[in-house]
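Open your viewer and get the selection tool ready. We will go from stop to stop, and at each one you will hear what to select and what is there.

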Amino acid sequence: MENTPSTQSGNSQQGSFTPGQATIYNTIEEIGTLTRAMRKVGRPVALVPTMGALHEGHLSLVKAAQRLPRALVVVSIFVNPLQFAEGEDLDAYPRTLEADVQKLRAAGVDAVFAPNAREMYPNGPRTTVQPGPIGRILEGAFRPTHFAGVLTVVNKLFQITHCDHAFFGEKDYQQLMVIQQMVNDLNMGVTVHGVPIVRQQDGLALSSRNQYLSAEDRELALTLSAALTAGAFVAEDGAQKVLETARGIIDAVPEIEVDYLELRGADLGEAPERGDARLLVAARVGSTRLIDNVSLPLGIGFKNIEGEG
């Protein structure tokens, strides 16, 4: 397997594929040749799709992928224009390929797929995947074209890399749900893995957009995780108490502009009276839009979970 195609990027290690060295592939043909060869000899391909600007949250996805026996771990880095609406931060989104590849090499990733937009959409975005009703709530209500862009690029990445496993962070919980729905509805032979949110010590969920925050805004941003935690803490007392508690903490900080704070079922349907639920928030802190969420045992409470079996 060492005689797979050489890479074509100035940032890459030139020469043949070497496991664990984060060899960069810029074209669909190159990465496809590698992954088809791996699948042919019975090795699973585990894909970690990213938009770059990598942090410990992304590396937790890599570690989860590396736990699959004999898996070839591929990380894609592509800032997908289809999931940004007009006026969003496509041009400003951080692009740090060289630093990202160094992190991936240190983590022992096998291959990096880093195409440009022309490689991914040579004829423009002609064919897209629509998310249906689940894509019109929460994020979809504020970013109506977002999930069609996400599903289209994820579908393409699945086909291009021939992956049979894919890893996504639970911080983008609705994204995880719409991708799982696509895989189920379109009979894709891919196992989707959700990986828990990685937080900084003070509770802030890791995000590539955190680097936009000023020191003052970063302090304000802690309100979001504090509100979610407080809401989850009173899960035993039911949905109304959860929402009142979380809303009270956010409302005490008028600088934060909330898009939504909602309690949903684990499938993002209506929250149950008793059982697994998700509390989700999206808000603007300064000029930066952040999202976060937490799971909670509604009507049960964390201290009673063990008793529930």
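**Stop one: the annotated histidine**

Start by selecting His 58, which UniProt, in an unreviewed entry, gives the feature "active site"; UniProt positions follow the numbering used here, feature names are shortened, and annotations may be inferred rather than shown by experiment. A word on what you are viewing: this is a predicted model, where local features need pLDDT of at least 70, side-chain atom pairs count only at pLDDT 80 or more, and totals for chains, interfaces and linings use all residues. Residues are numbered from 1 along each chain as its sequence is written, and side-chain values use heavy atoms, with hydrogens and water left out.

His 58 lies in helix H2 (residues 56–66); helices (H or I, at least four residues) and strands (E, at least two) are DSSP runs, numbered from the N terminus. Is His 58 buried or exposed? His 58 counts as buried because its relative accessibility is 13%, and buried means under 20% relative accessible area (1.4 Å probe, protein chains only). Now show Thr 50, Gly 52, Ala 53 and Ser 208: these are the contacts of His 58 beyond its neighbours within four places in sequence, with contact meaning heavy atoms within 4.5 Å.

**Stop two: an aspartate in a strand**

Next, select Asp 292 in strand S9 (residues 288–298). Asp 292 is buried, at 5% relative accessible area. Apart from neighbours within four places in sequence, its contacts include Ile 197, Ser 225 and Leu 280.

**Stop three: helix H7**

Finish with H7 (residues 173–185), where Tyr 173 and Met 182 are among the buried residues. Just after H7, click Asn 187, which has a positive phi of about 55°.

Conventions
Buried < 20%, exposed > 50% of the residue type's maximum accessible area, 1.4 Å probe, protein only. Expected span 1.5 Å × (residues − 1).
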